[in-house]
Amino acid sequence: MHRPTDGHATLARLSPSIWVGVAPRGDAGLNVTSFPAESTAVHWLTDGHATLPSALAESTDAAAPAPNAPFGRHLISIADLGAAGIAEVLGVAEAFAEVERRAIPKVPTLRGKVIATLFFEESTRTRLSFETAAKRLSADVISLAVATSAVKKGESLRDTVETVEAMGIDALVVRHSSSGAPTQVARWTKRARVVNAGDGWHEHPTQALVDCFTIRQVIAERTGDDPASLGVSCFEGLRILIVGDIAHSRVARSQVLAYSALGAEVTLAAPGSLLPPSLEGWPVAVAGDLDSALGRADVVSLLRLQAERGSGAYVPSLREYTAGWGLTARRLPLLADHAIVTHPGPMVRGVEIASDVADLPVTVATRQVANGVAVRMAVLFLLLGAEGAGGPRD
Ligand code: CP
């Protein structure tokens, strides 16, 4: 973090030329001459806000990448980000986490933007945290209630998307049971940005970003560091064990991409029937059994059996699955003293995690949920924040 010479604001560097500033409330009129000389874009998270570099403010090309984003026009996959992009999202999320600690955790950054959540599959955490994030950024939020929409009359996904976009929507947050659906949606949109909120077995990129943010936060607390100052170096050599239904998990695919991009050593632990048929190209090791793998792990990342994708057919019984691969009270002493347990939720207590273990401080699932808002604020800000709109409205 950098403090400008007037001393009453904090700047976080996003990229060589882009900074996010967090100023005290009511302190919007800061003297821009006090910013670092190399800054060309400072995005203020205050009431008054936002000096934009003319090059970005004048951008009107709807097909252009989001000018601030470390990804393209859309966020579909962690592969769109790479290590530098993940670091950038985490850095912006830290600035928004500071906003969240305010008495009134709201900034005008996306005022005038409209964000639609299109969830064709159930969700509690992802949908509510995206909607909370959008509202904290002062965007207007609409939510398609699929069960009572024209989808039930047979309207296609493409017609639904084109209908919603025709209303002048700036971003679509899409969850779908079909892998690749958000990719298709991104092809059909003319100006709206698309965020993948989980598609089939494919990916859940914002969940992996939340998990990275949370792991770094815990490490920073223990070392007494500012999380932002750690960058992503704290992931180098970190031993992360992903346990459970890897085969059907979009979270696991995004986690593997994110953790390995940041230099972590990733190991998978699952019965053979719940591993993907081929792990060719996956930068992972595979543990033969859970008990011996637990003690080596700095982070144990648990996954739910994806019953809605037929996972029950791949295990003899839930009881046997838990006996072999669940984080039971018996296994708790096998964890390293410093280990933490993550879970993206929803947890099925008594199956992949014992209820008592879920409630211990070692399990940071609730913290992951809390961090979901700041991380999704960062994603929406990076997609939409510097343009004035998602492109021209025609
Ligand atoms: N982790 C996650 O995607 O949870 P939801 O299904 O509740 O959104």
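Reader: Is the crossing in which H2 passes H12 left-handed or right-handed?
Author: A crossing is left-handed if the near helix is turned anticlockwise from the far one by less than a right angle, and right-handed if clockwise. The helices (H or I, at least four residues), like the strands (E, at least two), are DSSP runs numbered from the N terminus. By this convention, the way in which H2 passes H12 is right-handed.

Reader: What pLDDT do local features need in this model?
Author: Residues are numbered from 1 along each chain as its sequence is written, while side-chain values use heavy atoms, with hydrogens and water left out. This is a predicted model, in which totals for chains, interfaces and linings use all residues, side-chain atom pairs count only at pLDDT 80 or more, and local features need pLDDT of at least 70.

Reader: Which residues of H2 make the contact with H12?
Author: Contact means heavy atoms within 4.5 Å. H12 contributes Ala370, Val373, Ala374, Val375, Met377, Ala378, Val379, Phe381 and Leu382, and on the side of H2 the contact is made by Val89, Val92, Ala93, Phe96, Ala97 and Glu100.

Reader: How are H2 and H6 oriented to each other?
Author: H2 and helix H6 (residues 205–223) pack at an angle of about 70 degrees, their axes being 10 Å apart, and their crossing is right-handed. The two helices, H2 and H6, are therefore roughly perpendicular.

Reader: How many of the 12 residues of H8 are buried?
Author: Buried means under 20% relative accessible area and exposed over 50%, with partly exposed in between (1.4 Å probe, protein chains only). The buried residues of H8 include Arg250, Val256 and Tyr259. H8 is mostly covered, and its buried residues number nine.

Reader: What is the relative accessible area of Gln255?
Author: Gln255 is found in helix H8 (residues 250–261). Leaving aside its neighbours within four places in sequence, Gln255 is in contact with Ala208, Asp211, Ile242, Ser260, Ser301 and Leu303. Gln255 is buried, for its relative accessible area is 0%.

Reader: How far apart in space are Val243 and Ala269, C-alpha to C-alpha?
Author: Val243 is found in strand E8 (residues 239–243) and is buried, with a relative accessible area of 2%. Beyond its neighbours within four places in sequence, its contacts include Ala269, Leu290 and Trp325. Although Val243 and Ala269 are 26 residues apart in sequence, their distance in space, C-alpha to C-alpha, is 4.7 Å.

Reader: Is Gly288 buried or exposed?
Author: Gly288 has its place in the loop between strand E10 (284–287) and helix H9 (290–294). Because its relative accessible area is 70%, Gly288 counts as exposed.

Reader: What share of the residues of the protein counts as buried?
Author: The protein has 12 helices and 12 strands. Of its 394 residues, the share that counts as buried is 58%.

How values were computed:
Axes are lines fitted to C-alpha atoms, for helices over the stretch in contact, and angles run from 0 to 180 degrees between N-to-C directions. Angles under 35 degrees count as roughly parallel, over 145 as roughly antiparallel, 65 to 115 as roughly perpendicular and the rest as oblique.
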